[in-house]
Amino acid sequence: FSSFFLAGGCCNKFISSLLNSFNLEKQEDEKQVIFETRLLDEINRVLNLKWKEKDKMLLKKIKLENIRSYESQEIEFPKGSILLSGDIGTGKTSVLLAVEFALFGLQPTQRGSSLLKNGKREGKVVLELEIDGKNVIIERTLKKEGKSIGQDYASISIDNEKFEESVTEIKNKVLKLLNYPFEFVKKTNLL
């Protein structure tokens with residue numbers, strides 16, 4: 001289980017109030033990682049987030065090609081809680097949208113143009129994660145044809161067994177791996 005905290009903009013007041021409640025002081029830049037880890041560990045302790053090993057989803061790595069502000073980027077996630085912090089417009093939301101796209105594909109109200117980098121014809125997200133002890137790699141691509149941008153390719157590898165199927169079938173496999181209730185699979189407006 002990886003906890004995501006999106007810090008920036010209006011979230012600074014929230015973090016400041018957390019600092020005050022935990023009697024923590026913000027450190028200099030070189031100590032920022034230690035500070036963020038202590039803060040997130042304290043948040044998890046206070047919230048008493050104790051997950052069983054079999055209920056874990058660990059994000060390992062994401063590769064972005066021509067996704068929003070990223071031309072080519074690979075991000076390795078550390079084990080434990082993850083804090084995405086930075087100024088407005090530095091790509092925090094892009095990472096979260098890429099994770100969502102990898103897991104579930106384009107949503108019914110989402111347009112491919114909101115993900116594909118301006119001026120590019122193709123984009124790709126590869127997400128590596130572990131779900132319930134299974135190594136999973138999900139790959140999805142976007143392609144511009146004429147004026148429309150849509151999903152072009154989707155695959156999922158589960159413990160080195162690769163499935164190349166339709167975007168909907170890959171979404172259903174992901175939902176099954178994540179133990180989503182069956183009734184959510186059919187409701188397109190929930191994801």
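Start at the turn between strand 6 and strand 7. Select G146: this residue has a positive phi near 70°, in a hairpin with 2 residues between the strands. Strands here are DSSP runs of E with at least two residues, and helices are DSSP runs of H or I with at least four; both are numbered from the N terminus. The model is predicted, so local features need pLDDT of at least 70 and side-chain atom pairs count only at pLDDT 80 or more, while totals for chains, interfaces and linings use all residues. Residues are numbered from 1 along each chain as its sequence is written, and side-chain values use heavy atoms, with hydrogens and water left out.

**Along the hairpin**

Now select residues 134-145, strand 6, and residues 148-158, strand 7. They pair in the antiparallel sense over 10 bridges. Two strands count as paired if DSSP finds at least two bridges between them. In general, strands of a sheet pair through backbone hydrogen bonds, either parallel or antiparallel. Click on I138; its bridge partner in strand 7 is I156. Then click on I137, which stands opposite S157 in strand 7.

**On to the next turn**

Move to D159. It has a positive phi near 50°, in the hairpin of strand 7 and strand 8, with 2 residues between the strands. These strands pair in the antiparallel sense over 4 bridges. For one example, select S155: its bridge partner in strand 8 is E164.

Zoom out. The open sheet has 6 strands, in the order 3-2-5-6-7-8, with antiparallel pairing. Which strands are at the edges? They are strand 3 (70-76) and strand 8 (161-164), each pairing on one side only. From one strand to the next, the twist averages 15°.

**Two helices**

Select residues 92-104, helix 3. It lies across strands 2, 3, 5, 6 and 7, at about 100° to strand 6. Angles run from 0 to 180 degrees between N-to-C directions, and axes are lines fitted to C-alpha atoms, for helices over the stretch in contact. Next comes helix 4, residues 167-177. It packs on the sheet and touches strands 5, 6, 7 and 8. Its direction makes about 45° with that of strand 7.

**Last stop: I67**

Find I67 in strand 2. Buried or exposed? I67 counts as buried because its relative accessibility is 1%. The cut-offs are under 20% relative accessible area for buried and over 50% for exposed, with partly exposed in between (1.4 Å probe, protein chains only). Leaving aside neighbours within four places in sequence, I67 has contacts that include A98, L115 and L142. Contact means heavy atoms within 4.5 Å. K117 is also in contact with I67. Their C-alpha atoms are separated by 5.0 Å, though the two are 50 residues apart along the chain.
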